[in-house]
Amino acid sequence: MVTETTLQNSNFLQPSGFKVVIYRKRFANLEFFAQSVSHPSISLGQAQLAYRRTDLYEPGDKLVYDDLTIDCIMDEDLHVYQELLNWQTSIIDQKKKSPLSRVSSLTEEDAQEYDISVIILNNSNIASREIVYKSAFPTSIGTMLLATNVGSVEPITLPITFRYNTFSFK
């Protein structure tokens, strides 16, 4: 069976052509200082079946999404760090509720999880695709290294790890 390609655009994706969008009222600094996004890997589970002297494998029934990592440049006043720390603190300070009641009773300002959009820009800096990570929350604020013995002055970047439920393309 021969299939034809649906490829109309032969331009390659540029690694610097993206923009991060999250709830701007609360995370304006995270949006502005995002320097890189590591789109996570996805794996399909497998079922192992014993058969005589060997094992047979069948495709599994669920997808496993790895963590999303965004690296941000740190500003002198640590606004990015403070935004994320406040987010994590608000998550543990809120009373735990069932997922269904949590969604219906919180305002957007008080939410524990937010959708994160990564907008892919084409070679003319026009949005061409969008990846939306649903119900994301920060699981780790990475290490911030301060050192007096550095040779060149480069801005400090902070890795931030997020967990999310699923993602989609728009």
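Close-up 1. Trp87 is buried, with a relative accessible area of 0%; here buried means under 20% relative accessible area, exposed over 50%, and partly exposed in between (1.4 Å probe, protein chains only). This is a predicted model, where local features need pLDDT of at least 70 and side-chain atom pairs count only at pLDDT 80 or more, while totals for chains, interfaces and linings use all residues. Residues are numbered from 1 along each chain as its sequence is written, and side-chain values use heavy atoms, with hydrogens and water left out.

There are 11 aromatic pairs by the rule used here: rings of Phe, Tyr and Trp (its six-membered ring) pair if their centres lie within 6.5 Å, and planes under 30 degrees apart count as stacked, over 60 as edge-to-face and the rest as tilted. Trp87 and Phe162 make a tilted one, at 5.9 Å centre to centre and 45° between the planes. Trp87 sits in helix 2 (residues 79-93) and Phe162 in strand 8 (residues 157-163), so this pair ties together parts 75 residues apart in sequence. Helices (H or I, at least four residues) and strands (E, at least two) are DSSP runs, numbered from the N terminus.

**Close-up 2. The aromatic cluster.** Which residues form one aromatic cluster? They are Tyr23, Phe27, Trp87, Tyr114 and Phe162. Phe27 and Tyr114 are both buried.

Close-up 3. Skipping neighbours within four places in sequence, Phe162 is in contact (heavy atoms within 4.5 Å) with residues including Leu30, Ile70, Leu84, Trp87 and Ile116. The largest nonpolar core has 32 residues, and Phe162 is among those with the most contacts inside it, along with Leu30, Ile70, Leu84, Trp87, Ile116 and Tyr133. A nonpolar core is a set of buried Ala, Val, Leu, Ile, Met, Phe, Trp, Tyr and Cys residues joined through side-chain atoms within 4.5 Å. Elements giving two or more residues to this core include strand 1 (18-21), strand 5 (68-73), helix 2 and strand 8.

**Close-up 4. Two salt bridges.** The structure holds 2 salt bridges, each a side-chain nitrogen of Lys or Arg within 4 Å of a carboxyl oxygen of Asp or Glu. In one, the side chains of Arg24 and Glu31 meet at 2.8 Å, N to O. Glu31 counts as buried, at 10% relative accessibility. Asp67 also forms a salt bridge, with Arg163, and the closest N and O atoms are 2.7 Å apart. That pair links distant parts of the chain: Asp67 is in the loop between strand 4 (54-65) and strand 5, Arg163 is in strand 8, and they are 96 residues apart. Asp67 is partly exposed at 33% relative accessibility, and Arg163 is partly exposed at 30%.

Close-up 5. Is Ala127 buried or exposed? Ala127 is exposed, with a relative accessible area of 52%. Ala127 belongs to strand 7 (residues 127-141). Not counting residues up to four places away in sequence, Ala127 touches Ile119, Ile120 and Leu121. The C-alpha atoms of Ala127 and Phe18 are separated by 8.3 Å, with the two residues 109 apart along the chain.
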